Amino acid sequence: MLLLIPGPVQTRPEVRAVMGDDIAPWDDEFRAEYAAMRPRIVRIAGGTEGVDVALPLPGCGHMIVEAAVRTFVPAGGKLLVVRNGNYADRLVRLATEAGRVVVPLAGPDTEPMAPEKLAQALRENPDVSHVAVIVSETGSGIVNDPNILGPVIHAAGKRMICDAVSGFGALPFSLSEHPECDVVVFTSNKCLEALPGFGFAVAPIARLEASAGNAGSWLLDLHDVYRHAVVNGWGSFRFTPAVQALRAFRIAMDLYDAEGGQPARLARYARNRDVLYDGLVALGFTPYVERRHQGPIIVNVHQPRHANWDFRRFITLMKQRGVLISNFWNTETPTIRIACIGAITEDDMRFALRQIEATLAEMGVGVPAAA
Ligand SMILES: *Cc1c(COP(=O)(O)O)cnc(C)c1O
């Protein structure tokens with residue numbers, strides 16, 4: 001089956017193979033393996049050893065996002081959320097339920113947040129301490145570039161929380177170049193092409209040292225994760241981790257390095273995106289996001305307006321042809337969403353396009369698909 005979803009993504013067989021081994025997290029050999037992974041993770045985030053640390057947290061991506069909000073925004077503190085998409089909506093909810101005051105800065109989910117709008121919002125809300133940015137908005141596929149928004153946050157004297165989950169490892173980001181950044185978070189199962197089971201935060205030690213007592217949660221306290229490592233060693237865990245998923249993540253990092261790291265991964269995904277985007281346009285689909293705003297992680301097209309169109313049936317027929325895509329959408333209007341990330345190439349995109357064309361014909365929707 002060809003998985004074309006924005007996580008968990010298609011993985012390589014070498015990554016999946018190690019999931020079959022019975023291993024123990026506290027075993028001395030695994031401790032050493034785990035401790036050696038942490039500086040590699042810091043490097044992928046563009047951090048500096050000795051200045052920044054990598055803090056893994058078992059669980060899904062939303063958990064590491066909530067942990068970041070709780071750890072760095074003090075209880076009752078004000079957080080401005082750049083709100084131009086479905087994943088920003090989720091951040092608004094989890095921050096609000098964690099008792100933080102959220103100031104949403106709304107924008108359409110079809111374009112990146114303009115830096116001037118953010119600057120103005122920060123002038124109007126001087127009591128905001130932090131700004132949360134969803135880098136790659138996994139609902140619509142746009143990118144809010146932290147290299148553009150970060151300097152605005154820095155100039156206003158605020159701190160940045162970067163939800164880089166869906167683009168981390170592919171989109172360029174270097175923590176060392178962002179003095180305003182408290183934390184960047186991501187997961188194992190998106191552009192790093194490993195299996196689900198872990199979220200990661202990379203943060204400056206100085207900011208972690210200043211965050212004691214903020215979280216209001218033992219489980220989601222990154223300061224506690226940090227202190228535990230300082231006291232018990234960087235190969236230790238607080239609680240039972242998804243240990244096989246961590247080892248799979250190491251294999252995935254080996255493959256990431258062998259491919260050429262971030263530039264190579266971005267180049268492959270951008271090619272996937274170009275083949276997919278242009279191919280869907282050629283089939284008659286209307287993209288949800290304009291070409292100039294289209295990021296390399298997912299592509300959405302409007303669903304056809306045709307008497308024979310049936311979204312669920314389309315997804316089922318595609319699956320029968322060996323291509324699995326999302327059976328839901330996270331855009332403001334109904335779309336078909338297809339991911340460009342994972343252990344896939346432009347040939348896979350061409351295969352998917354042929355299956356889309358054949359499925360439309362089978363459904364009697366016709367090509368070009370009227371949007
Ligand atoms: C995938 C993703 C998450 C986390 O999703 P989970 O389902 O909790 O793993 C968070 N933010 C963004 C932008 C994402 O793409």
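1. A word on the record before we start: UniProt positions are given in the numbering used here, with feature names shortened, and annotations may be inferred rather than shown by experiment. The unreviewed UniProt entry places the feature "domain: Aminotransferase class V" at residues 65–308.

2. Please keep in mind that this is a predicted model, where local features need pLDDT of at least 70, side-chain atom pairs count only at pLDDT 80 or more, and totals for chains, interfaces and linings use all residues. Residues are numbered from 1 along each chain as its sequence is written, and side-chain values use heavy atoms, leaving out hydrogens and water.

3. Now to the ligand. Among the residues surrounding it are Cys60, Gly61, His62, Tyr87, Asp163 and Lys190, each with a heavy atom within 4 Å of the ligand.

4. A ligand oxygen is 2.4 Å from a polar side-chain atom of Thr138. For Lys190, a side-chain N or O atom is 2.7 Å from an oxygen of the ligand. At Gly61, a polar backbone atom lies 2.8 Å from a ligand oxygen.

5. How much of the ligand's accessible area does the protein cover? On its own the ligand has 380 Å², and the protein covers 85% of that (Shrake-Rupley method, 1.4 Å probe).

6. Lastly, look at two backbone details. The peptide bond from Gly7 to Pro8 is cis, with omega near -5 degrees. Glu193 is not a glycine, yet has a positive phi of about 60 degrees.

Terms used. A polar contact is a pair of N or O atoms within 3.5 Å; within protein, one must be able to donate a hydrogen and the other to accept it, and residues adjacent in sequence count only if both atoms are side-chain atoms.
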